[in-house]
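Dear colleague,

I am handing over the structure below, and my notes on what was found in it follow. Please read them alongside the coordinates.

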Amino acid sequence: MLSLLLSPLRSGLLLIAILGLTWRWLPRWLAVIGIALACVLLLLMTPLGANLLVRIQESRAPLPDACQAPLPRTIVVLSGGTMTEPRNADDVATLSTASVHRLFAAVDLAHREPDAQWVIAGNSYYDVPESDIMATLAEQLGIPATSIRTEKRSRTTWQNAQFVAAMEPPIDKHIWLVTSALHMPRALYAFRSAGFDPCAWPGDYRYRSPFNVSYFLPGSSAIVKSEAALHEFAGELGYRLGLLRSHDRDPPPDSGER
C-alpha cells in the first residue's frame, strides 16, 4: 500500500479510476480536491515537479564546509544497491549507479584525508555483500586494503547506523558520512540516533535544472526520480516516528574483516 502512495503514476491512475467511478455521487468540493490532487500527481510525473522535490530534499544535506574542527578521521560509506546478482566480491560491474557515485565521492574525500580509515556498510539480498564489492572497487581506485573495514549485515539505513556502531573494535563517533545527497538527511538522522557525530559528505546529486521543453512533459525518468524523493521523505518520517527502526536485535560482533 505504501509503495502505491509513493508512486505518482500508480496513485494517479488509482485516483482517476476512483473519480471516474464515483463522479456522479461526489460532492462538488470533494471532486475539486480530487482534480487538484490529480494535477499535483501529474506535475510530479514531469521533470519540473520531480526536480523540485529532489531539490527540496538535497538542499537539506549540509555541505562539508559546515563540519566543525577537528575534522573526522573516519570515512563511513553507505552502499546503494546492485543492478544484478553479483557472482563474487570482484564483480564490481554489478554495482548500482548510486553505489558507484557514493564510492567516487568517498575517494574524492580520501584525497583530502589520505590517512582516514574507511568503513563501507551494507549487505544485499544476494550471497555477496555490497560492502565487499565496493571495497574491491575502492582498492582498484587506490585505497589501501588495510584502511578498509566492512559492515556486511545491514539492509536498511537504520541498520547501517546501528550495526556500524556495534563494530568491534569500535570506530570513532566523529565520522565523515558519505551517501547520496538525496539520502543524506535520513542517513544523518539514523547515525545521530546511533550516537555518532557525523559530518556530511554528499555525492550523487540528482537535481537537474530546466533544459528544454521536455522538462515540462511527463516521462519515466521523472517518475522514478519523484518516487525516490518521496521514499526519502517517508523513510525519514518513519524513523522519526519510530515506525521503521529495524534493529535485528543485538547483532553479533563485527570484526570488520572482509
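In the protein chain, residues 24 or more positions apart account for 72% of the contacts with a separation of 6 or more, a contact meaning heavy atoms within 4.5 Å. This is a predicted model, in which local features need pLDDT of at least 70 and side-chain atom pairs count only at pLDDT 80 or more, while totals for chains, interfaces and linings use all residues. Residues are numbered from 1 along each chain as its sequence is written, and side-chain values use heavy atoms, with hydrogens and water left out.

The protein chain holds 9 helices and 5 strands, taken as DSSP runs (H or I, at least four residues, for helices; E, at least two, for strands) numbered from the N terminus. Of its 258 residues, 48% count as buried, that is, under 20% relative accessible area with a 1.4 Å probe, protein chains only.

As for helix packing, the axes of α8 (residues 184–193) and α9 (residues 220–240) come within 9 Å and cross at roughly 15 degrees, the axes being lines fitted to C-alpha atoms over the stretch in contact, with angles running from 0 to 180 degrees between N-to-C directions. The two helices, α8 and α9, are therefore roughly parallel to each other (angles under 35 degrees count as such). On the α8 side the contact is made by Pro185, Arg186, Tyr189 and Ala190, and on the α9 side by His231, Glu232, Gly235, Glu236, Tyr239 and Arg240.

Key: Parallel < 35°, antiparallel > 145°, perpendicular 65-115°, else oblique. Buried < 20%, exposed > 50% of the residue type's maximum accessible area, 1.4 Å probe, protein only.
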